[in-house]
Each structure stands twice: as C-alpha cells, then as structure tokens.
Amino acid sequence: MSLHRLNYMEQLEAESIHIFREVAGQFERPALLFSGGKDSITLVHLALKAFAPGKFPFPLVHIDTGHNFPEALAFRDKLVEEIGAELIVRKVEDTIKQRRLTEPKGKFPSRNWLQTYTLLDTIEEFEFDACIGGGRRDEEKARAKERIFSVRDEFGQWNPKLQRPELWNIYNGRIHKGENVRVFPISNWTELDIWNYIRSERIPLPSIYFAHKREVIEHEGQLIATSEFVRPSEGDIIALKSVRYRTVGDMTCTAAVESYASTLDEVVNEIIATRISERGETRIDDKVTEAAMEDRKKDGYF
Amino acid sequence: MDLLRFITAGSVDDGKSTLIGRLLYDSKNILIDQLEALERSTKNRDDGSVDLALLTDGLRAEREQGITIDVAYRYFTTPKRKFIIADAPGHVQYTRNMITGASNASLIIILIDARHGVVEQTRRHSIIGSLLRIPHVVVAINKMDLVDNSKEVYDKIVADYEVVAKQLDLKDVTYIPISALRGDNIVDKSETIKWYTGKPLLEQLEEIHVESDVNLTDSRFQVQYVIRPQTDELHDYRGYAGKIMSGVYRKGDRVTILPQKKETTISKIETAGKEADEVFCPQPAVIHLTNDIDISRGDTIVHSNNLPFVNNEVDALLCWMDEKPLLQGNKYLLLHNSRIVRAVVKQIDYKLDVNSLAHFPVEDDVKLNEVVKAKIRLATELVYDPYKKLSCNGSAVLIDETSNATVAAVLLQ
Ligand SMILES: Nc1nc2c(ncn2[C@@H]2O[C@H](COP(=O)(O)OP(=O)(O)O)[C@@H](O)[C@H]2O)c(=O)[nH]1
C-alpha cells in the first residue's frame, strides 16, 4: 500500500467535504435540512470536518411533522448545543392550520407528504438559496439520476428532463431569484457506506437506532410502535419486542425491526447481514407505487 | 479497499442494461425489496426469468420509451472494491450525457454486439473516452451466445478494434467475450466459451491498477473557502480550505499564489480538523501561509518550481450541451473548479467530427452535442493546465448567464 492513497471511505468523505465547501462558497443563505436521522447526522459530522475550526456555517432546519420520537428530539437539541449551530424548527401542524390543509386519515396518518408545504414556506420565509439534504442515489431509481446540485423552480419542483449536466467536480449553483438548489453531498454513498462510516468515525446516534424494548403493533408484516399518534384498535396484535429503527422519521409511518443489536458494531453487522434496503423495510408509504418517489420529487419533496 | 468509477457505453440494444443488471445481480448487490419490485414489473416473460435491464431503468418517461436517456449512477461493492457506474445512453443525440458520465470515469466499458462488430457508435464512444482521457478501456464483446461462441468472430472484432485503439492512442485495452444475458464471463468464467483464457469482467474490474492514474507530481490546489472564525481564541486564524486536486503539499513548501504571483511558504496544514505534515490528492485540506496575502475563493496555490499556465486567452475544445446554439462572439461565464470568470468565445476554429476525428469548417452555428475547437478570451486570468496533461486543472464549464444553464464542457488546451 502506497502512502499516498485514500481508501474508498476516505474518498467519499473527501468528495462530500468538497461539496460542502462549494455550498459555503457559492451561496448566500444555505441551510442544512436536518431530519434527525443517521443521514443528516452524518451530514453534520462531514460539515464539521469541512469547516473546522470555523463556526458551523449553516442553520439546521428541522421540518417537524409533530410525530417525533422523543429520543430523536432530545438528541437533536443536544447536538445543536454542542456544535453551536442555529436551529430553525417549522411545524407541519402550523402549516396545516394556516393553509387549511387536510390531515391524512387512517390508522397510520403519515404527514410525510405535507412536509413539502412546510419546507417550501420555510425556504421562502428565510430566503434560503440552497438546502443541503441527505438524499442518496442508491435509495431509489429516480434519485439515481438526480444531480448533486439539483435546481428547483419557484414551486420547489425538480424537472428531471431539464437537469444541468454535471461534469467533473464542477458544480454550477447559479440560480434566478425564487429558485433554489437542493444539494446532496452524500449522493454517492450507499446505505452501507453510511453505516460503515458511522462505525469507523464513532458518530453518536439517537438511542432508537439500538435495540430496546418497545410496544409494537404488527401490521402487514411490519412493526409500528404504539404512541400517542398510533392507537391500537381491536384485533391488533400488540407485543412487547426488542426492536431498533433504521430511520427516524414520522413515528406513524416508520417501522421498527426486531433486533437484539445494542452496540454500533452489532447494528452494522446486522444490517450488512440482512441486505434489505432501508426504504422497503421501514417506510410504509413508499410501497404505494414504484413511481411514488419520482412524483413526489417533482412536487418539491426533499 | 478502494474506489473505481467507470462508465458503460454501447449502442441501443447492445445489452448495456442487461450487463449492468447482471453485474449487480451476480455480485449480490440487489437488495431484497428491489428484487421484489423487479419481479412485480417483469410481465409474463416466456422463460419466467427476471428482466435484468429493468433494474437500471430509471425515470418513468424512460420506462415508457424503454431507453436510457440520462446518466444514472449505480453502486456495487465486492470485497475488493467499491464501484460507481455511470450508466449513460449511447445514441449520438445523447453525446452530452455520455460526456457527463465519462467526465469522472477512470475506466470505460465499450460494449460491442458480436453480431455487428465495430460500428460507428463504437468509434464514437472510444473517441469520447479518449478525448476525456479515460485511462482504461475494457472492450466487452457481448451476445457471444448468438454467434455460437465463435473464436473467429471474436478475433476479427479484436483485430478491428486494435485499429481504433491505435489511432486513438489508447494505452490500456482489455478484451473479453461475454454473454450478459447468460452471465458468461461476467462474474464467473464461462463454461461455454472455453477458448477464452483471460479473466471474467468483474475480476478484471477488481484488479485493474488505478493507483498510477493519480498525479502526485504536479501539485495543484484551488481555494474554495476562506476559514476565519474571528473568535477570541482564534482571532488571527486564517486558513484556505480546498481540495488537493493533484500532487502533494508539505509544511514548509515554497509556494506561489496565482494569479497574484506572490510567493510565500506553507506554515501549517490541516485536514479534517487535524494538523498534518503533508496532504495529497484528493484530500481536503486547510492551508496556512506565512505571509499575509490577499487571497480569496478561486485563487490557486502551487509549488514555486512547478507552475501552471496563467493566461487570459485560451484554446479549448468545447462540447456543446445546450439546445440554444453557440454563436461566435457570445459571452458566457467560465467556471473553472471554484473560479468563475467572464468569457467570450472569440473564434471558432473548426468542428470535430466525433465519429471520425475529422475537422470541418464551421459554416453555421454550433448545435447541441457538437464538439468544436475555439479561442476564448477571459476578463481575468485563468490559472490552468492543458487537459491532456492534468485533467483536474484543465477542465471547466461554460454557463449561459441569462439562463444559468451549463452549456458546454470545456477541455483546455
Ligand atoms: N442472446 C443474448 N441477448 C442479449 C444479451 N445481452 C442482452 N441481450 C438482449 O438484447 C436486448 C437489448 O438488451 P438491453 O440490455 O436492453 O440493451 P441496451 O439498450 O444496451 O440497454 C434485450 O432483449 C436483451 O435480453 C446476450 O448476451 N445474449
């Protein structure tokens, strides 16, 4: 092994740091969309490396569905304090009231779709010209074609037919007023890359990523935690199980997996062994149609 | 474990999607739910097998038309390497997409249908690969099952391609007879193509030597962002953040700031928040200098004994990527990594035919997917190297200021 070589993990990290610095260099009002999940925690970790010892150059923006895991909120607040970043929280609840939106009904009333409205309002309110997100190209077919700097029109829409060519490591972030750019610094990482990185960098995560006891409903083969948002109804099979989560989303639509993995190494090993991509296993609303993600992105979703 | 980025090129129906699907499938990189979706959308196939091509087929419009029209990126990992595939369309009207996909690739797989041999597209894809200086070429001769695994057919295609390779001065070319559909010589060695003694494709991809592709001699660093915390304890801190584009930088190195032409010394280097004695390509770094020089984003720091070109007029190959044509005399912005400069395309010298490399005079304007040689005048000096020598510092894009679109790939000469 030559001294002057990076392994693939270091190469991915280098690329992401380069992208972060381009954002800071090109935009006036960038923000980092922070969901509280492992991908956005990894983004924060990379940004800290990119700008150390300077101060964290973007506010963290949390589009809050209101259906949070309390553990994830506590983690968020502690992280923000530690890194000295500004935190902006905008609630989907408020958008629903202000804009008289209709709440989704049903047993697992996901507010994921409504997040789009709150996000677009927040972008307008703060005049953000770039929003950094944790999207990865391995997540899903439509994303596989999205640029790292992805221009959105005034309505936050992505037009897959009108993407700018993105050549070499050159990122064209020029936009007209009203438009903004979604930036995906970890586009080229896969889910396993993220986990391996978290393991090698020992990045702290919210406790729900590790096995813990929880009361869950079994719904079509998936485990959904009971909570103030999800009430069991008659005939539901409720069980107390040892579970962990692979994403921290909306509590109503994020499923748990049964697990006894309680350390980072155990969790990563288990994930590598199961080889099920995370959207399929843990997001209920994605199974609807195969083109669901593509439609939603065109509508300005993350 | 390291990283290899490659691009696959072939004409429609040569089997590109099947090949990529096969690589992902046979190397066990398809996740269970993706497999289910695949099986769901595989309608009534006669033999009941899954259609591997569907795995790589992205946006809905493309699904409807059944062709790949934009670059898509795929990922797979083996115990030896992580791979990033740029899956780009091959038809001439998508030259721009192919150039985009090729720009980051260190290897190109040229797919040839064994029944058709070396065709115009094969030449074009090879020419694009050579223009962009992709260091490694793998020629995959596909659908061998349809020519009875004939060694004669294969040998003839190899001989024909050797002519192309010689003309384009391609240095590292490997040939493999495959059947993407049956999985012959993809992950495992074929049982039916017995006369082939080389390695299967995946093994080839795992073992191709990419270390020497990195230039560690000509050191280039462009400032992306100036870090100035201005806090009490870091009052005088001033670090220049960027990526080591090529070469190696060490503490104490004598350096020149361009285009200012000021000399100074590196006093400290940090990478990822920690101090380091040296940094190398492609590490991110923060460089500190002994002298107080006015330096901002886009300025270049190089060793004083190894200087790039500094000019306000450059020759370049332009690959035109916009629906709006290029007109001689038009003004654009030139984005050269993190440096943005006003530019005017002063003169268009000739059009380069990407099927033959022939030069033609430019009679009308320059259209989408055409490649031209041009002279560009810049409002301020550009610090660059010829693309052929150092692609990382010889590449740029043109931006139309009125639409903000990226309209051309620029290969500086
Ligand atoms: N017999 C045979 N057919 C193949 C082979 N590879 C691909 N095909 C078929 O050729 C057709 C075009 O393949 P596809 O992968 O869609 O081509 P693309 O347009 O290059 O992506 C499909 O019907 C494939 O099943 C092969 O090795 N042998």
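**Strands 7 and 8, chain A.** I started with strand 7 (residues 212-219) of chain A, which pairs with strand 8 of chain A in the antiparallel sense over 4 bridges. For me two strands pair if DSSP finds at least two bridges between them, and helices (H or I, at least four residues) and strands (E, at least two) are DSSP runs, numbered from the N terminus. I noted one bridge by name: A:His219 has A:Gln222, in strand 8 of chain A, as its partner.

**Ground rules.** This is a predicted model, so I keep in mind that local features need pLDDT of at least 70 and side-chain atom pairs count only at pLDDT 80 or more, while totals for chains, interfaces and linings use all residues. Residues are numbered from 1 along each chain as its sequence is written, chains are lettered from A and ligands numbered from 1 in the order in which they are written, and side-chain values use heavy atoms, with hydrogens and water left out.

**Chain A overall.** I get 9 helices and 10 strands for chain A. Of its 302 residues, 62% are buried; buried means under 20% relative accessible area, exposed over 50%, partly exposed in between (1.4 Å probe, protein chains only). Of the contacts in chain A with a separation of 6 or more, 75% link residues 24 or more positions apart, contact meaning heavy atoms within 4.5 Å.

**Helices 1 and 2, chain A.** I looked up how helix 1 (residues 8-26) and helix 2 (residues 38-51) of chain A sit: their axes come within 9 Å and cross at roughly 70°. Axes are lines fitted to C-alpha atoms, for helices over the stretch in contact, and angles run from 0 to 180 degrees between N-to-C directions. Helix 1 and helix 2 of chain A therefore count as roughly perpendicular (under 35 degrees is roughly parallel, over 145 roughly antiparallel, 65 to 115 roughly perpendicular, the rest oblique). Among the residues meeting there are A:Phe20 and A:Ala24 from helix 1 and A:Leu43 and A:Leu46 from helix 2 of chain A.

**A:Pro30.** I placed A:Pro30 in strand 1 (residues 30-33) of chain A, and it is buried at 8% relative accessibility. What does A:Pro30 touch, not counting residues up to four places away in sequence? I listed A:Val23, A:Phe58, A:Pro59, A:Phe128, A:Asp129 and A:Ala130. The C-alpha atoms of A:Pro30 and A:Glu127 are separated by 9.0 Å, though 97 residues apart along the chain.

**Cis prolines.** I found the peptide bond from A:Ala52 to A:Pro53 to be cis, omega near -5°. A:Pro53 sits in the loop between helix 2 and strand 2 (60-64) of chain A. In chain B, the bond from B:Leu258 to B:Pro259 is cis too, omega near 5°.

**Positive phi, chain B.** B:Lys261 is not a glycine, yet I read a positive phi of about 60°. It belongs to the loop between strand 10 and strand 11 of chain B and is exposed at 54%. B:Lys143 has phi near 65° but is buried, at 17% relative accessibility.

**Cysteines.** How many disulfides are there over all chains? I count 0, taking a disulfide as a pair of cysteine sulfur atoms within 2.5 Å. For B:Cys319 the nearest cysteine sulfur, that of B:Cys392, is 18 Å away.
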